[in-house]
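User: I have a model open and would like to learn how to read its features. Could you walk me through them?

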Amino acid sequence: MTSLRQKLLKAADLPLFQKISAFLDGTIYPAVYAALMLVCSLFGLEFFCYALTTAIVVYVCLFAKDTRAILPPAVLVVYSMSWKHTSQPPYRSDFLNGTAFLVVVAVLGTCILAAMILRVFLFREKGSLFRFPSMGAGLALLCLSFLTNGVFSSEFVSKDILLGFLIAFSFGALFFFFSATLKRNFNYGLYFAYILFLASAVIFLQVVKLLVFGHTTAEGHLSVFDADGSINKDLMIAGWGMSNNVGGMLAMFLPAQLYLAAKVRRGYLFYLFAFLQLGAVCATLSRSSLLFGGAMLLAGAILLSVVKTPYRKFFRIFNLAVLVCGVIFCAVFWDKIVRIFSVIFERGFSDSQRFEIWKNGLLNFLKDPPFGVGFYAPFYVDINIENWFFPDMYHNIFVQILASCGLFGIFAYAYHLSQVLNLAIRKVTAERIFFLAVFLMLSGTSLLDNHLFHVFPALVYSVVLCLWERDARKDLTLQKTLLAHDKNFPFCLFSTRKL
């Protein structure tokens, strides 16, 4: 192992590798990667995307001094999935079930996993994963409860083993990997917010594409608008998710724009984008995402109007203008608003059978309280919840854990939340408020939906906990950041120097 490490370190000093590492450590790389993911989603280039991502991860694990270059793929790679290859109507492609896709994902995934394990063993940063205030112990216990879902239940099936492992992996793998490999002298708050901004921009452009161009299928063009001008919720899908998934991810990433608005040069541009982002959430007709996203934007608007920042005056004037324009717009165009969002108004703000689902989840828990009935236990009610790869879920993180993982699961989750509380009461900084806000959005939207039990939101959850925990161990008073000094970034948007 020592000899292999020395050879890799020597190879990393080669001029070509130094140039590659410098690019991957810069601020242009995440933007280029995000642009490639958008292009892949438009033209069905998933295999190219997965091969490129694998090459980046393997290179970083073997030759880079820091592993932060893996953060952009961890957040962004899912958005490369194209419409033409989605299994959802109106496309109904069998691409994801094809042998080629399964083989490619298995081979590339194995390469990524092997490289990450090798990195941990060869180049692990000093420090324990489980020392206070680290959340390693609580997260490990939570992952263990996922692995033991429904283990003694009569409802237990072999698929519970695979899904339990997948969920445990998505919650814990990146937390422990980055905890062991990220450098400890870098402010990851701005970098992570930058990545979430790029992810938001990719999703936003995908929503704009739907609204402007609709769907292009083998049968021809299909608009997402019905004849009366209202949006068809069932057609507001991306290649990687349906309308609730799209709206949920947009809502979860809103804190990034608010944080950047307060921290960087020309922050008002990110503030303006936050309102456009909430507008995109509205277009998905995802009521729970609109509820939590609206609450987050309102809280951010109030906070930025109070906290001293270079653009506080702009924030105040803009907020007042939005309020006045909003009232006038609603008064003048109320009929059109009702027609466009007819899905929301027709369905109202009812529970959409969630109370029945939650009730059935509690009944399933009572069948086998210690470890639950597993993830694949049927609802036994006449409710059809359309999922792409996952079984029917309970649309609430507490009910889901209680029903699927029992008392052991809910105890593990409670212990995990107690460790999160330990972080929340640390010294307040802008970075820690940002991490807390992302955590709250991920958890809040999962009170009315299944987001955290789908792989990629859980990966973001894992990463934000890791970065938040690391930030809580040190003061970031006069620390300089990569984004503050990268002169290559277009228009110097991310300069943190005083205006």
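User: Let me start with one side chain: is lysine 263 buried, exposed or partly exposed?

Analyst: Burial is read from relative accessible area: under 20% is buried, over 50% is exposed, and in between is partly exposed, using a 1.4 Å probe and protein chains only. Lysine 263 has 32% relative accessibility, so this residue counts as partly exposed. Please keep in mind that this is a predicted model, where local features need pLDDT of at least 70, side-chain atom pairs count only at pLDDT 80 or more, and totals for chains, interfaces and linings use all residues. Residues are numbered from 1 along each chain as its sequence is written, and side-chain values use heavy atoms, leaving out hydrogens and water.

User: What share of the 499 residues in the protein is buried?

Analyst: Buried residues account for 55% of the 499. As for secondary structure, the protein has 20 helices and two strands. These elements are DSSP runs numbered from the N terminus, with helices being H or I over at least four residues and strands being E over at least two.

User: Which residue does lysine 263 meet in a salt bridge?

Analyst: First, the general idea: side chains of opposite charge can pair when their charged atoms come close. The rule used here asks for a side-chain nitrogen of Lys or Arg within 4 Å of a carboxyl oxygen of Asp or Glu. Lysine 263 pairs with glutamate 431, at 3.3 Å from N to O. This pair links distant parts of the chain, since lysine 263 belongs to helix α11 (residues 254–263) and glutamate 431 to helix α18 (residues 430–445), 168 residues apart. Glutamate 431, with a relative accessible area of 6%, is buried.

User: How many salt bridges are there by this rule?

Analyst: The count is five. Among them is the pair of arginine 68 and aspartate 25, whose closest N and O atoms are 3.9 Å apart. Arginine 68 is in the loop between α4 (46–63) and α5 (71–76), while aspartate 25 is in helix α2 (residues 15–25), so the bridge ties together parts that are 43 residues apart in sequence. Both of these residues are buried. Another is the bridge from aspartate 66 to arginine 68, with 2.8 Å between the closest N and O atoms; here too, both partners are buried.

User: Now for helix packing. At what angle do α8 and α19 pack?

Analyst: To get such an angle, lines are fitted to C-alpha atoms over the stretch in contact, and the angle between N-to-C directions runs from 0 to 180 degrees. Under 35 degrees is roughly parallel, over 145 roughly antiparallel, 65 to 115 roughly perpendicular, and the rest oblique. Helix α8 (residues 158–181) and helix α19 (residues 455–471) pack at about 30 degrees, with axes 8 Å apart. They are therefore roughly parallel to each other.

User: Which residues make that contact?

Analyst: Contact means heavy atoms within 4.5 Å. On the α8 side the residues include Leu166, Phe171 and Phe175, and on the α19 side they include Val455, Leu459 and Cys466. The residues of this contact divide into 12 nonpolar, four polar and two charged. In that sorting, Ala, Val, Leu, Ile, Met, Phe, Trp, Tyr, Cys and Pro are nonpolar, Asp, Glu, Lys and Arg are charged, and the others, Gly among them, are polar.

User: What about α4 and α6: how close do their axes come?

Analyst: The axes of α4 and helix α6 (residues 99–123) come within 8 Å and cross at roughly 15 degrees. That makes the two roughly parallel. Their contact includes Phe47 and Tyr50 of α4, along with Phe101 and Leu108 of α6. By residue type, this contact has 18 nonpolar, one polar and one charged.

User: Finally, the backbone. Which residues does a cis peptide bond join?

Analyst: Look at proline 89 and proline 90, where omega is about 10 degrees. Proline 90 is in the loop between α5 and α6, and that loop also holds arginine 92. Phi of arginine 92 is near 50 degrees, a positive value in a residue other than glycine. With 60% relative accessibility, arginine 92 counts as exposed.

User: Where is histidine 395?

Analyst: Histidine 395 is in the loop between α16 (354–367) and α17 (397–424). Its phi is positive, about 60 degrees, although the residue is not a glycine. Histidine 395 is buried, with a relative accessible area of 10%.
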